[in-house]
Amino acid sequence: MTEHSLWRFSRALHRAINDRHFEDIEALIDEDVDWAVYGPIDMFPFLGARQGKAAVLQVIRQLADNFHVRRFERESIMLGVDSASSMLRYSLTALDSDKPISLRVAQFAQFRAGRLINMRVLIDTFDLVEQALGRAIHLPKMTRVG
């Protein structure tokens with residue numbers, strides 16, 4: 001049995017972010033990859049949708065410029081032949097402030113011939129924004145109708 005594409009991709013992604021070693025990740029991304037990380041793009045411009053290998057590699061370089069992955073835990077994972085979905089908890093360090101950041105993400109990936117062709121990531125953005133701002137966000141109380 002061969003190793004699932006997600007494991008190779010995950011290792012290469014973390015090496016790219018932490019060690020700025022991009023060669024392995026480049027080989028695992030399809031030229032026509034469709035990529036979207038849903039989150040507050042006004043605060044984090046490297047989030048959002050990207051099309052094509054060059055655009056995705058640029059996002060990965062921006063992540064490497066801004067964060068260091070201290071730790072991550074896979075809370076849940078489902079593997080298909082050419083797909084994977086997982087719930088992950090990340091502990092990061094913001095490089096500009098040396099500030100710790102903790103976040104949860106849901107990741108959905110599709111592969112073809114061992115290369116990433118589609119990635120969707122959903123971030124627990126409320127918690128992320130509070131951490132980035134360094135303070136709690138107080139929302140107005142909702143009024144009941146009825």
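Reply: Happy to! First, the setting. The protein chain has four helices and six strands. Please keep in mind that this is a predicted model. Starting at the N terminus, the elements come in the order α-α-β-β-α-β-β-β-β-α. The C-alpha atoms of the protein chain fill a box of roughly 55 × 40 × 25 Å along the principal axes, and 41% of its 146 residues count as buried. If we take contacts between residues at least 6 apart in sequence, 49% of them join residues at least 24 apart.

There is also a label from a record. An unreviewed UniProt entry carries the annotation "domain: SnoaL-like" for residues 11-117. That span is 26% helix and 52% strand, and its end C-alpha atoms lie 17 Å apart.

Now for the part you asked about. Begin with strand S4, residues 83-94, and strand S5, residues 99-112. These two pair in the antiparallel sense over 12 bridges. To find your place along the pairing, look for Ser91, which stands opposite Ser102 in S5. S4 and S5 form a hairpin, with four residues between them. In that turn sits Asp98, which has a positive phi of about 60°.

Next, follow S5 onward to strand S6, which covers residues 115-123. S5 and S6 also run antiparallel, and eight bridges join them. A handy landmark here is Arg112, whose bridge partner in S6 is Arg115. S5 and S6 form a hairpin too, this one with two residues between them. Its turn holds Ala113, with a positive phi of about 55°.

Finally, let's zoom in on one residue of S6, namely Asn118. Is Asn118 buried or exposed? Asn118 has 17% relative accessibility. The cut-off for buried is under 20%, so Asn118 counts as buried. And which residues is Asn118 in contact with, leaving aside its neighbours within four places in sequence? They are Val33, Asp34, Phe108, Ala109 and Gln110.

Methods
Residues are numbered from 1 along each chain as its sequence is written. This is a predicted model: local features need pLDDT of at least 70, side-chain atom pairs count only at pLDDT 80 or more; totals for chains, interfaces and linings use all residues. Side-chain values use heavy atoms; hydrogens and water are left out. Buried means under 20% relative accessible area, exposed over 50%, partly exposed in between (1.4 Å probe, protein chains only). Contact means heavy atoms within 4.5 Å. UniProt positions are given in the numbering used here, feature names are shortened, and annotations may be inferred rather than shown by experiment. Two strands pair if DSSP finds at least two bridges between them.
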